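Here are my notes on the model you sent. Please read them with the structure open.

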Amino acid sequence: MIIMLVDDDSVSRTMLAEFLTKIDNRVIECIDADLALRIFPTEDFNMIVSDYKMPGTNGLELLHEICPLPMLSRRSKRLIPGIGWISG
């Protein structure tokens, strides 16, 4: 699988990328949604894993921008929300 991983947190992004790579995936890392939008048309991604809370464009806004793109119209679309913890 070719997976796009979008997360502004370098530690989280690196840890998840290492895990996904170990289970035989090719992972393209993006530090934000803007970079993801530039890279998305260049690969035939099987999956996009994105953080929700990022500076600038958040994960849901990224999804809304990617879904209308012509190269995605023939692909299945699914949103799988992540589960996180927010400390008060």
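1. I48 first. In this predicted model, I48 is partly exposed, because its relative accessible area is 33% and buried means under 20%. I48 belongs to strand β3. I2 lies 46 residues away from I48 along the chain, yet 8.8 Å separates their C-alpha atoms.

2. Confidence. The mean pLDDT of the chain is 83. A score of at least 70 is reached by 77% of the residues. Among the elements, β2 has the highest mean, 97. The lowest mean, 87, belongs to α3.

3. Overall layout. The chain holds three helices and three strands. Read from the N terminus, their order is β-α-β-α-β-α. The chain has 88 residues, and 30% of them count as buried. Take the contacts between residues at least 6 apart in sequence: 59% of these join residues at least 24 apart.

4. Strand pairing. β1 runs parallel to β2, and five bridges join the two. M4 stands opposite I28 in β2. V6 stands opposite C30, also in β2. From β1 the chain passes through helix α1, residues 10-22, to reach β2. This β-α-β crossover is right-handed. β1 also runs parallel to β3, with four bridges between them. Here L5 stands opposite V49.

5. Is β1 mostly covered or mostly open? It is mostly covered: five of its five residues are buried. I2, M4 and V6 point one way from the strand. I3 and L5 point the other way. In a regular strand, side chains alternate between the two faces of the sheet.

6. Cores. Which residues touch the most other members of the largest nonpolar core? They are M4, V6, C30, A36, I39, F45 and L62, out of 13 residues in that core. The elements giving two or more residues to this core are β1 (2-6), β2 (26-30), α2 (33-39) and α3 (59-66). Nonpolar side chains tend to be buried together in soluble globular proteins.

7. M4 and V6, which point one way from β1, are in the largest core.

8. Helix α3. G59, L62 and I66 are buried in this helix. Viewed down the axis of α3, its buried residues fall within an arc of 55°, so they line one face of the helix. Those buried residues pack against β1, α2 and β3 (47-50).

9. Where does T57 sit? It is in the loop between β3 and α3. T57 is buried, because its relative accessible area is 16% and the cut-off for buried is under 20%. Leaving out neighbours within four places in sequence, T57 is in contact with A33, D34, L62 and E65. Of these, L62 is one of the buried residues of α3.

How values were computed
Residues are numbered from 1 along each chain as its sequence is written. This is a predicted model: local features need pLDDT of at least 70, side-chain atom pairs count only at pLDDT 80 or more; totals for chains, interfaces and linings use all residues. Side-chain values use heavy atoms; hydrogens and water are left out. A nonpolar core is a set of buried Ala, Val, Leu, Ile, Met, Phe, Trp, Tyr and Cys residues joined through side-chain atoms within 4.5 Å. Buried means under 20% relative accessible area, exposed over 50%, partly exposed in between (1.4 Å probe, protein chains only). Two strands pair if DSSP finds at least two bridges between them. A crossover is right-handed if, with the strands pointing away from the viewer, the path from the first strand over the helix to the second runs clockwise. pLDDT is the predictor's confidence in each residue, from 0 to 100. The arc is that of the directions from the helix axis to the C-beta atoms. Contact means heavy atoms within 4.5 Å.
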